[in-house]
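My entries follow in the order in which I checked things.

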Amino acid sequence: MIADITQWILGLHGWAALAIVFAIPLLESSAFVGFVFPGEIAILLGGVLASQHRIPLAAVMAAAIAGAILGDTIGYAVGRRWGRTLLHGTLGRIAGHKHLDRTERYLAQRGGKAVFFGRHTAALRVLIPGMAGMARMPYRTFALYNILGGAVWAIWNTLLGYIAGANWKHALDLASRAGLLVLAFVILGIGVAVAIRAAAQFHDRYPAQ
């Protein structure tokens, strides 16, 4: 299915292409479309279309940034209003409760930084905005890191597609590997934090004589 969608996007031009570059990141965390079609694919392909002079590069960046920021803002609002209901319903079944728990721990430990770094890996990108809202993260904190993370993510994926051009499949693989690397660091960070906390609790319970 993803292959069919990518080929369809590569056949677009003009406003239709920009609408897709805007809409998919918008729906990624607000409607959880990212579980099916990661937003960076649409943005990277937008960069490819810009390299073919079918749409302006600056317009692709603007559409991608706007979609990313607005989508996560909606995700935050949804999580703040209906987070627990979604967590114990369809979202919990799709994402898996272990992954949700891991995301929640990461968010609690990193705060606003989790919003920024979570943007760069697909699994966290879908979940963090809603869980930030559910955790009642102050909106100003969320908005700051959402804007920074969305802008950096959108620009570098657009440029990656623009530079890659016809070699976009290799660029997409590179983007996926980068996302996995970020996720690995996130998991490692959680593991280290849990180990440190467990060691501290053990020391408090059994102090050295």
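**Entry 1: overall make-up**

I counted 10 helices and zero strands in the protein. Helices here are DSSP runs of H or I with at least four residues, strands are runs of E with at least two, and both are numbered from the N terminus. Read from the N terminus, the order of elements is α-α-α-α-α-α-α-α-α-α.

I noted the ground rules before going on. The model is predicted, so local features need pLDDT of at least 70 and side-chain atom pairs count only at pLDDT 80 or more, while totals for chains, interfaces and linings use all residues. Residues are numbered from 1 along each chain as its sequence is written, and side-chain values use heavy atoms, with hydrogens and water left out.

I looked up burial next. Of the 209 residues in the protein, 46% are buried. Buried means under 20% relative accessible area, exposed means over 50%, and partly exposed is in between (1.4 Å probe, protein chains only). The accessible surface of the protein is about 10,900 Å², and carbon and sulfur atoms hold 67% of that. Areas come from the Shrake-Rupley method with a 1.4 Å probe; for residues, only the protein chains shown count as cover.

I also checked contacts, meaning heavy atoms within 4.5 Å. Among the contacts with a separation of 6 or more, 77% are between residues 24 or more positions apart.

**Entry 2: helix α1**

Which residues of helix α1 are buried? I found Thr6, Ile9 and Leu10 in this helix, which covers residues 2-10. Seen down the axis of α1, the buried residues fall within an arc of 100 degrees, so they line one face of the helix. The arc is taken from the directions that run from the helix axis to the C-beta atoms.

**Entry 3: salt bridges**

How many salt bridges does the structure hold? I found three. The criterion is a side-chain nitrogen of Lys or Arg within 4 Å of a carboxyl oxygen of Asp or Glu.

I took the pair of arginine 125 and glutamate 28 to begin with; their side chains meet at 2.9 Å, N to O. Arginine 125 is in helix α8 (residues 122-134) and glutamate 28 in helix α2 (residues 14-30), so the pair ties together parts that are 97 residues apart in sequence. Arginine 125 counts as buried because its relative accessibility is 2%. Glutamate 28 counts as buried too, at 1%.

Arginine 125 also forms a salt bridge with glutamate 40, with the closest N and O atoms 2.1 Å apart. This pair links distant parts of the chain, as glutamate 40 is in helix α3 (residues 39-51) and arginine 125 in helix α8, 85 residues apart. I recorded Glu28, Glu40 and Arg125 as linked in a network of salt bridges.

Glutamate 40 is buried, with a relative accessible area of 10%. Leaving out residues up to four places away in sequence, I found that glutamate 40 touches Glu28, Ala122, Arg125, Trp153 and Asn157.

I then checked arginine 119 and aspartate 72, whose salt bridge has its closest N and O atoms 2.6 Å apart. Arginine 119 is in the loop between α7 (112-118) and α8, and aspartate 72 is in helix α4 (residues 57-87), 47 residues away. Both arginine 119 and aspartate 72 are buried.

**Entry 4: helix α9**

Is threonine 158 buried or exposed? Threonine 158 counts as buried because its relative accessibility is 0%. I located threonine 158 in helix α9. Its side chain reaches the backbone oxygen of alanine 154 at 2.7 Å. Not counting residues up to four places away in sequence, threonine 158 touches Ile43, Gly47, Leu57, Val60, Met61 and Ala64.

Tyrosine 162 is also in helix α9 (residues 139-164). Tyrosine 162 counts as partly exposed because its relative accessibility is 33%. Leaving aside neighbours within four places in sequence, I found tyrosine 162 in contact with Gly47, Val48, Ala50, Ser51 and Leu57. From tyrosine 162 to leucine 45 I read 8.2 Å, C-alpha to C-alpha, and the two are 117 residues apart in sequence.

Last, I looked up the nonpolar patch on the surface that Ile155, Leu159, Tyr162 and Ile163 form, with about 350 Å² of accessible area together. Patches take residues with over 30% relative accessible area and no salt bridge, joining like charges within 9 Å and nonpolar side chains (Val, Leu, Ile, Met, Phe, Trp, Tyr) within 5 Å.

Methods. A polar contact is a pair of N or O atoms within 3.5 Å; within protein, one must be able to donate a hydrogen and the other to accept it, and residues adjacent in sequence count only if both atoms are side-chain atoms.
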